[in-house]
Number of protein chains: 2
Amino acid sequence: MDEKQKLLTQYRALQTAARLGLNRPEVTAAIVALLDEGRDFLSKKCSVAPLKSNVPNKKYHTFTDGKRASRPVNTDLFDASISPAGIAAVLQAPQSLDAATLKRSLYTWAMTFCAANDVLFVSDQKKPGTFFEYFVGHIFARLYNANPQKFTQVTSLGLNTRIPTDYIFDLGASKARIHLPVKTSTRERAIQVWAHQRVLDGLHGQNKFRGVLVCLAETNKQTEQNSVVEVCVPEQWRLYQGYIAQLHRIYYLDPPAPYLALSAGNPPVKVSYFSDFFSESAKIVSLT
Amino acid sequence: MDEKQKLLTQYRALQTAARLGLNRPEVTAAIVALLDEGRDFLSKKCSVAPLKSNVPNKKYHTFTDGKRASRPVNTDLFDASISPAGIAAVLQAPQSLDAATLKRSLYTWAMTFCAANDVLFVSDQKKPGTFFEYFVGHIFARLYNANPQKFTQVTSLGLNTRIPTDYIFDLGASKARIHLPVKTSTRERAIQVWAHQRVLDGLHGQNKFRGVLVCLAETNKQTEQNSVVEVCVPEQWRLYQGYIAQLHRIYYLDPPAPYLALSAGNPPVKVSYFSDFFSESAKIVSLT
């Protein structure tokens, strides 16, 4: 099997495992097997090429096989020495890693597949998006010990239908539900997340669903200049939080500074590293 | 010049004309010149290939040069005998055409560029989207005798900034403003339109901006089966209209029947042929 076929085989195995239920150790195993394959490819077949970073205080590089290059990779957050096998331990005992190591581990795991797939499958955005959804969905499923749905039931005057949604976690009447959109980057699509949250609030009432958006990064590679920028619209996000609906948390694996700064604004938009989720997962669904 | 270069030259001329102001006869002339080029290409270099239509009561075909094929074209609405030069007359005297001819003319004009560009520039969605925005924006600009903006000014507690928007027409204090998003198709992006409308309503107050969405079609070609479907989510649209914001009108050049049926529902979503705009343009901005 060539490299493409090897990665694709493990990707399909993860798809199958995920569809049978995200809250299962078999999904962890499938993620580890996929990332082992991606890590192998990146370390043996690719080299690192630096990019000119136009993002203050962040360094970026790509992985390349000499012909095709990956998306920008945050040099300080990607640590090739971190083994995919560590995912199982983190899911069992999140406190076993210090915050800095957890940040780098989560970023490295998510980026390992995305970067390998970028090099092997040119302009395929679909597999990285779906992988990242499984990766984040699995972490939520294990930490809450629950399988998500991807719909909400609407029974209202004259309506009785299922509406498709992002992941929804229902942890019983004593907890808030989680509305979990997952995106590798948001671009102009972030407004969709606030709009979906508003529909859920309208259908089911305020504070029944807590909106938690998880994103990988907002980097954009400018091919001609061989440089990286972050595409951010913090003022628009503040308007969405003020006028459309309230998102409870926004987590990034590589958070842009202009979004982190929104936590201190009014209305606050609480943006932080995804590693924070591991220590505040219980608080997020608490009604008290 | 080859066919690609000829179409591109006229497209760039339209871009230049549009950027100098949509409410100008020079834009009509640039649209006519571009469509003459597209019509020439379709009639001389392309043949018509029927598609299997899975849309009740609608027939579709593609244009093809033998290698590449256009998006689905509604066979009853596309009329190759309609000349692009007729646009100027319609803008001067919309009542000069009967409703059925106006429907076919608008569809034929919009589709002429999109289909020609599909065949000449494979998987380019950008030029058809931008062309369609100019085409619809120009019609609004001429009928309202006003140039649109693409931003709204936000001056609120601590904020003083411009937010980018779709076209906004400001016709003075005695009229409602128009918020005009234009899309060749909506897919999962329709919710953005309702969400933008909600932000405008929140910033500036209810009924200051009337939301008018104009779309070309919702057809999707299934390449393997050589067939066409319409992708529609009418129940979701009803939820958006009920829980996010109110759109005033939604116009299609090739309206899907499931969306036309929403006009009679509750809350009503008024969906109709774009040709209706020509007779109700004054009513749409009336405050009385």
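The numbered points below begin with the basis of the model and then turn to individual residues.

1. This is a predicted model, in which local features need pLDDT of at least 70 and side-chain atom pairs count only at pLDDT 80 or more, while totals for chains, interfaces and linings use all residues. Residues are numbered from 1 along each chain as its sequence is written, chains are lettered from A and ligands numbered from 1 in the order in which they are written, and side-chain values use heavy atoms, with hydrogens and water left out.

2. Gln241(B) belongs to helix 7 (residues 234-243) of chain B, helices being DSSP runs (H or I) of at least four residues and strands (E) of at least two, numbered from the N terminus. Gln241(B) is buried at 2% relative accessible area, where buried means under 20%, exposed over 50% and partly exposed in between (1.4 Å probe, protein chains only).

3. A polar atom of the Gln241(B) side chain lies 3.0 Å from the backbone nitrogen of Leu247(B).

4. The whole structure holds 28 salt bridges over all chains, each a side-chain nitrogen of Lys or Arg within 4 Å of a carboxyl oxygen of Asp or Glu. One of them joins Lys59(A) to Asp76(A) at 3.9 Å, N to O. Lys59(A) lies in the loop between strand 2 (52-53) and strand 3 (60-64) of chain A and Asp76(A) in the loop between strand 4 (73-74) and helix 3 (86-92), so the pair ties together parts 17 residues apart in sequence.

5. Arg68(A) and Asp65(A) also form a salt bridge, at 2.8 Å, N to O; Arg68(A) is partly exposed at 29%.

Key:
Polar contact = N/O pair within 3.5 Å; in protein donor to acceptor, adjacent residues only side chain to side chain.
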